[in-house]
Amino acid sequence: MNRPPHVFILTACHDRRSLTEAFARVIAGQDHTATTLVLVDDGSRDGTAEGVRAILGGRVRIVTGDGRWWWGGAMQRGLVAIARLRPRDEDVVLFCNDDVVFDPDFVSAGLRTMAEHPGTLLLAQGDDEASGAVVESGQHLRLWRLAVRPARHPGELDCAPTRGLFVRWAEVRRIGGFIPHRLPHYYSDYEWTRRAVRLGIRIVCLPHPRLRVHVGATGLHGLQDRGCRFRRRLWSIRHAGNPVYQIRFAARVCPWPLASLHLVRIWMQTMLRLVIRA
């Protein structure tokens, strides 16, 4: 009898022990027990690793960082750790944030759906835990604007976050690794999933499985500061609008003439913002 796929649940954390421990308890309660949590602990000093190990015991692998890996770096280090465990092609990596919760049948439901859609990336639908509103069902990248917006229908879905993303190991090997030296944080997951689509791998998002998201501030988005404070935050890795990473993202996903136009546009907009906010 063939054994069921082993699911490697890959997440990263930094100094938010209570959230990460809650996530570990969700993993411990799954009805699909062939799971291993691969936790990239990027420089936590609050005892997160010890707390998670106490909950999951031998079902967790801890990868310890120095606090400078960010999301893209953490995902890449996690994939390297999984590769060392010698997964089979039919085994599954579940990329996930630690600020989500889901029901005990979440993983098994994901595996059933994947069996119906071989050779795809499966994105779990994300709902706001407080309101129940859908907050994630896949994204569409508009290359001319270099803008990502929610996909309006399945045919538009051409990139996705790594928050509840099921991928077979065979597809992981085909897509390759993350590129944290170019995209350490924001855009790292969009670039990776967009690369998958360019290889002919579809992304699907169906009503099941679903996860619930703790909706809150996970980075810097709108900036209302001025002067030196504005400049520091604009160039921060944590800022989604950092022009350096916007340009690097454009270079990875756009044809070179369009990427060149984006380079000029982004720098002009940045210079104008710096003058206005001086």
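Thr20 has a relative accessibility of 1% and therefore counts as buried, the cut-off for that label being under 20%. Keep in mind as you read that this is a predicted model.

**Thr20 and its surroundings**
- Thr20 is part of helix α1, which covers residues 17–28.
- Once neighbours within four places in sequence are set aside, the contacts of Thr20 are Cys13, Leu39, Thr48, Val52 and Asp98.

**The nonpolar cores**
- The largest nonpolar core holds 31 residues, and those touching the most other members are Leu10, Met75, Leu79, Val93, Phe95, Leu121 and Trp192.
- Helix α3 (residues 70–84) supplies the largest share of this core, with six residues.

**A look at Leu10**
- Which residues is Leu10 in contact with, leaving aside its neighbours within four places in sequence?
- Leu10 is in contact with Val38 and Val40, with Met75, Gly78, Leu79 and Ile82, and with Val93, Leu94, Phe95 and Cys96.

**Leu234**
- Helix α7 spans residues 227–234 and includes Leu234.
- Is Leu234 buried or exposed? Leu234 counts as buried because its relative accessibility is 1%.
- Leu234 and Leu274 are 40 residues apart along the chain, and 9.3 Å separates their C-alpha atoms.

Key
Residues are numbered from 1 along each chain as its sequence is written. This is a predicted model: local features need pLDDT of at least 70, side-chain atom pairs count only at pLDDT 80 or more; totals for chains, interfaces and linings use all residues. Side-chain values use heavy atoms; hydrogens and water are left out. Helices (H or I, at least four residues) and strands (E, at least two) are DSSP runs, numbered from the N terminus. Buried means under 20% relative accessible area, exposed over 50%, partly exposed in between (1.4 Å probe, protein chains only). Contact means heavy atoms within 4.5 Å. A nonpolar core is a set of buried Ala, Val, Leu, Ile, Met, Phe, Trp, Tyr and Cys residues joined through side-chain atoms within 4.5 Å.
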